[in-house]
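Subject: Structure for you to look at

Hello,

Here is the structure you were expecting. Please open it first, then read the notes below.

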Amino acid sequence: MAENEPLEAEYIQDSDTALAVPGSVLPTTIHLLPVFERPFFPAQAAPIVMDEQPWLETIEKIGESGHHMAGLVMVKTEKLEQLTPADFYTMGSIVRLHQPTRAEGKLQFIAEGLQRFRIVKWLSDHPPYQVQVEYPAGDKQSADEKVRAYAMAIINTIKELLPLNPLYSEELKYFLNRFGPNEPSPLTDFAAGLTTADGHSLQEVLETYPVIERMQRVLVLLKKEMEVARLQHQIRQRVEDQMSDQQRRFFLREQLKEIQKELGLEKDDRTADLERFQQRVEELTLPEHAQRRLDDEMQKLSVLESGSPEYTVTRNYLDWITSLPWGVDSEDILDLKRARKILDRDHDGLDDVKQRILEFLAVGQLRGTIAGSILLLVGPPGVGKTSIGRSIAETVGRKFYRFSVGGMRDEAEIKGHRRTYIGAMPGKFIHSLKEAGTENPVIMLDEIDKIGASYQGDPAAALLEVLDPEQNNDFLDHYLDLRFDLSKVLFVCTANQLDTIPGPLLDRMEVIRLSGYITEEKLAIAKHHLWPRQLERAGVKPSKLKISDSALRHIIEGYAREAGVRNLEKQLGRVVRKAAMKLVSGEKGPLRVGPRNLEEYLGKPFFGKEKPLSGVGVITGLAWTAMGGATLSIEATQVHSKNRGFKLTGKLGEVMRESAEIAYSYVSSHLKQFDGDPAFFDEAFVHLHVPEGATPKDGPSAGITMATALLSLARNQRIRRPLAMTGELTLTGSVYPVGGIREKVIAARRAKVMELILPEANKGDFEELPDHIREGVTAHFVKHYREVVPIVFGD
């Protein structure tokens, strides 16, 4: 059987020739079809659509019957595959099927409701369902006043619904073609079918056979439907009124524009744009080449139609040119006392950095300007690089603009897009000048060590022109296509490390290093800056929450040991939030946070007391990381003495592995000179390990530390007192300088190791450290490894 064709030829196609009259003989054994969401009423006639499977066989069975009737019963579930007799309600409507068709896996037919029925017995509990039914005895529809009154109430409510929803009109016409208005039972069923009530409420109406009681239920549903329809009508009317009001205002504005044009009171958009651009230019001092380009573009704009795409492009271009601060400078304030006061107010510690900035400003005071300067602030995260840049802008009285170049991969971010592209925009530097409103702001380029590169260009290469004082006086942005002078801008860049910054770019910047803070500096920062700021953010009065210096010290040493203070601020924020919850819960202040109750707020400390390892073959080294300095214990042990061998573990990088091999070769060849058994390494299989194996480690600065660990193992002698060391070792025993001396000294102080061995070439770096960092630290400076042995072993 083809789709889109009648299922059975014997189906009656003309409903007029097969009209079933209620009360006529109806079958007592029928097939069932399910309906969902709402029941089907006897007074209804509507199309029904259902899945071909599993109901095709049922439809064919109905077609084979002589009466073409079936029962439509609402089910309590939507799971067609698992329907059982318990899922069907017991009351439904018997209908006659007309014009059944199938298409695209669906069955469709017109159902004409005839009469209610009640299921008496199930003859089949799987499709095709077949049941034995009974029809309720006819209700005497008396023509008393009560029935007529309810009928008139229902009719009047339907009349009120008709203007609110035009769809009801078509259904009413069909009903009047089949029944008269004086038939209360069909009228009640028809009215129930009009409502959008839920399926359970409609099923209750279907199962209510007495006419008066059914009318009462339906009248309640109709009144609810009336309220919903009236509310929908009001919402629709409100929206239409609002739209009409907006259209009226639009037409009035357009008429007003035309009237004002006729009276000469208002100009068109093009004239207004030209006058606005001209007014901006009168306040600027454009160079000759920029003025010529501006005149050409203004002339072009004056002849373009305001609706053309070229008009929008030209207008945006003129808007950018006239928004730039051509010839607008802010006067520098080069007062060193004021600068020192601002730096001390905003930052605790960093005395060496402040001194460098003041020296920089002093040179600017002698020259009369600080133009053409590019500073690079290098240090671990959270040491205040960005805030120092902001303070520099305040000290010199310039506008400050910051943007991050971390992850930037498109050269157009620096030099802009060409105007030929849709959505073209100038680069970041032109943006910053427009925002700052002067030619000489302080522009901060954050995270310059994390700049990227892609097929779209290399932003780091594009920065070479910007950050070169000899070239940036003629900086060319691709969008403007005009030379702009960036030589008056003070550029301040920030980075965590120098390794990833291209050499030519690094060569153009003056490097100022910001090392990590020691505990005393962190304590001062927490008291003067971080703690008051957290109280202010949480809305907690200082009198309500107190924290002792010893508690702050415990937080610094047990929860926030990193070089910066960002994590310290987070931990203080946790303390304030927990205290705020206590205050809000009714606990009376002031609350006091001390070492004893600190764990109530922050839990167990993340860090224990850092105690360097000790023993034969164990030496403490000093390392530098992007997060600051760290102590690094190096262990050497003899695995067995069956054969010579050397094994390295600890996730060491290539450079560090080479340093270990150099240390092994040097100590092996000079073991007799250092009072060791010359044959020790000929027979021993040695294992050298650097703890914290999950952390990658690299660099040459652990050379003398590894050599000392191997020598301690060969001599079977531990070092005589706690000390730490750093320095690169060569095959001839020379000790070369290393970097990060400040960070390493701070790490040693944190671990309470106050005796250090450093390369002789780093003596100047150590002496430049502030007094409070060097205080109590004994430093031995060595040129050759033979100078290390007597210090370590007391020879």
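**Overall picture**

Of the chain's 795 residues, 47% count as buried (under 20% relative accessible area; exposed is over 50%, partly exposed is in between, with a 1.4 Å probe and protein chains only). This is a predicted model, so local features need pLDDT of at least 70 and side-chain atom pairs count only at pLDDT 80 or more, while totals for chains, interfaces and linings use all residues. Residues are numbered from 1 along each chain as its sequence is written, and side-chain values use heavy atoms, with hydrogens and water left out.

The chain has 27 helices and 24 strands. These are DSSP runs numbered from the N terminus, with helices (H or I) of at least four residues and strands (E) of at least two. The C-alpha trace spans about 125 × 95 × 65 Å along its principal axes.

Of the contacts with a separation of 6 or more, 75% are between residues 24 or more positions apart; a contact means heavy atoms within 4.5 Å. The accessible surface is about 39700 Å², and 50% of that belongs to carbon and sulfur atoms (Shrake-Rupley method with a 1.4 Å probe; for residues, only the protein chains shown count as cover).

**Charges and salt bridges**

There are 101 positive and 115 negative side chains, and the centres of the two sets lie 8 Å apart. Lys and Arg count as positive and Asp and Glu as negative, with His and the chain ends not counted; each charge is placed at NZ of Lys, CZ of Arg, CG of Asp or CD of Glu.

Side chains of opposite charge can pair when their charged atoms come close. The rule used here for a salt bridge is a side-chain nitrogen of Lys or Arg within 4 Å of a carboxyl oxygen of Asp or Glu, and by this rule there are 36.

- Arg-398 and Asp-332 form a salt bridge, with their closest N and O atoms 2.7 Å apart. The pair links distant parts of the chain, 66 residues apart: Arg-398 is in the loop between helix H12 and strand S8, and Asp-332 is in the loop between helices H9 and H10. Arg-398 is buried, at 7% relative accessible area.
- Glu-439 and Lys-488 form a salt bridge, with their closest N and O atoms 3.4 Å apart. Glu-439 is in the loop between H14 and S9 and Lys-488 in the loop between S11 and S12, so the pair ties together parts 49 residues apart in sequence. Glu-439 is buried at 9% relative accessibility, whereas Lys-488 is partly exposed at 28%.
- Arg-553 and Glu-520 meet in a salt bridge at 4.0 Å, N to O. Arg-553 lies in H18 and Glu-520 in H17, so this pair ties together parts 33 residues apart in sequence. Arg-553 is partly exposed at 30%, and Glu-520 is partly exposed at 44%.

Salt bridges that share partners also join Glu-297, Lys-300, Glu-310 and Arg-419 into one network.

**Around H18 and H19**

The buried residues of H18 are Ala-551, Leu-552, Ile-555, Ile-556 and Gly-558. They pack against H17, S14, H19, S15 and H20. In H19 (residues 566-584) sits Glu-569, which is buried at 15% relative accessible area. Beyond its neighbours within four places in sequence, Glu-569 is in contact with Leu-530, Arg-533, Gln-534 and Arg-537.

**Ala-684**

Ala-684 is in the loop between H22 and S19 and is buried at 1% relative accessibility. Its C-alpha atom is 7.4 Å from that of Val-639, 45 residues away along the chain. Its contacts outside four places in sequence include Gln-638, His-640 and Asn-643.

**Backbone points**

Most residues other than glycine have a negative phi, and most peptide bonds are trans. The following depart from that pattern.

- The bond joining Gln-53 and Pro-54 is cis, with omega about 15 degrees; Pro-54 is in helix H1.
- The bond from Pro-127 to Pro-128 is cis, with omega near -5 degrees.
- His-68 is not a glycine but has a positive phi of about 55 degrees, and it is buried at 4% relative accessibility.
- Glu-447, also not a glycine, has a positive phi of about 55 degrees and is partly exposed at 27%.

Regards
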